[in-house]
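Keep the structure open as you read.

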Amino acid sequence: LLDKRVVAVASLFLAGKIEDNPKKVGDVVKQFHACSPDYFGHQAGQDLSPHDQTQVRDVILQYEQLLLMELEFDMIVEAPVALNQMALLLKYIGRIRQSEEEPSDVIHTLTNLGVSDLHKETIDMLSVAKEFVKDSLLTTLWLQYDAPTIAIGIVWMTLKWYGYQFNMGLWGRVEAQYKELNTKRDHSKQVLHSMEAPSVATMEDVGEQMVNYYLDRRRPSTTPEYPPLPT
């Protein structure tokens, strides 16, 4: 049975986040103690020990998770920078593949595709890569890399997903396009800031973490549906 006082406190704590006015959980615990010292087994005016504060903090966070589950809260966050750059890079690669000017400088697959199929394949790749970007928000990638790095990492992963064989001459052109996308210039066209493409090792890391995320989703969960309630 849930404690209605903790439900109320967790609801207020969560509401602060929703309204872009978050409160520190430590401050919430202190106010809770001041209003309901009996919950802590204390008398009015009795000090709150660090141990009690930590314990109640964890309880509030557990109740917050319960509230989110009961409300079926689904956080959908768009990553416009990554999505935009990913789309531009894939379209750039699609245009190169359709070009007949430099047939030796294009990446190729194990099958021969016609021009109309190339157009459709690019659209299909954009759709798949978009889902990769969205799913990446459920990983820790965004704590490790910036949006442009994740974007080109997803492009790399998508091409491998489709069985592409890489021509590093073409990839050099993709890297140049990436640098141009991430170059800022002033009104006189002087470069203010530019960003080099990440290493192959970095892009492989982005792809590997995404693959591990999908593998983890397929494994049976060993955790209970709800976090354990405090005793």
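**Helix packing and salt bridges**

In this predicted model, helix α7 (residues 147-161) packs against helix α9 (residues 200-218) at an angle of about 70°, and their axes are 8 Å apart. That makes α7 roughly perpendicular to α9.

**The α7–α9 contact**
- By class, this contact has 11 nonpolar, 4 polar and 2 charged residues.
- On the α7 side, the residues include I150, I154, W156 and K160.
- On the α9 side, they include M203, E204, V206 and Y214.
- E204 and K160 also form a salt bridge through their side chains (3.0 Å, N to O).
- E204 lies in α9 and K160 in α7, so the pair ties together parts 44 residues apart in sequence.
- E204 is partly exposed, at 31% relative accessible area; K160 is partly exposed too, at 41%.

**Q85**
- Q85 sits in helix α4 (residues 80-98).
- Q85 is buried, with a relative accessible area of 7%.
- Its side chain makes a polar contact with the side chain of N182 (2.8 Å).

**Other salt bridges**
- The whole structure holds 7 salt bridges.
- E196 and K179 pair through their side chains (2.9 Å, N to O).
- This pair links distant parts of the chain: E196 is in the loop between β2 (191-193) and α9, and K179 is in helix α8 (residues 168-181).
- E196 is exposed, at 55% relative accessible area, whereas K179 is partly exposed, at 31%.
- The side chains of E180 and R185 also meet in a salt bridge (2.9 Å, N to O).
- D3, R5 and D38 form a salt-bridge network.

Note on methods
Residues are numbered from 1 along each chain as its sequence is written. This is a predicted model: local features need pLDDT of at least 70, side-chain atom pairs count only at pLDDT 80 or more; totals for chains, interfaces and linings use all residues. Side-chain values use heavy atoms; hydrogens and water are left out. Axes are lines fitted to C-alpha atoms, for helices over the stretch in contact, and angles run from 0 to 180 degrees between N-to-C directions. Helices (H or I, at least four residues) and strands (E, at least two) are DSSP runs, numbered from the N terminus. Angles under 35 degrees count as roughly parallel, over 145 as roughly antiparallel, 65 to 115 as roughly perpendicular and the rest as oblique. Contact means heavy atoms within 4.5 Å. Ala, Val, Leu, Ile, Met, Phe, Trp, Tyr, Cys and Pro count as nonpolar, Asp, Glu, Lys and Arg as charged, and the others, Gly among them, as polar. Buried means under 20% relative accessible area, exposed over 50%, partly exposed in between (1.4 Å probe, protein chains only). A polar contact is a pair of N or O atoms within 3.5 Å; within protein, one must be able to donate a hydrogen and the other to accept it, and residues adjacent in sequence count only if both atoms are side-chain atoms. A salt bridge is a side-chain nitrogen of Lys or Arg within 4 Å of a carboxyl oxygen of Asp or Glu.
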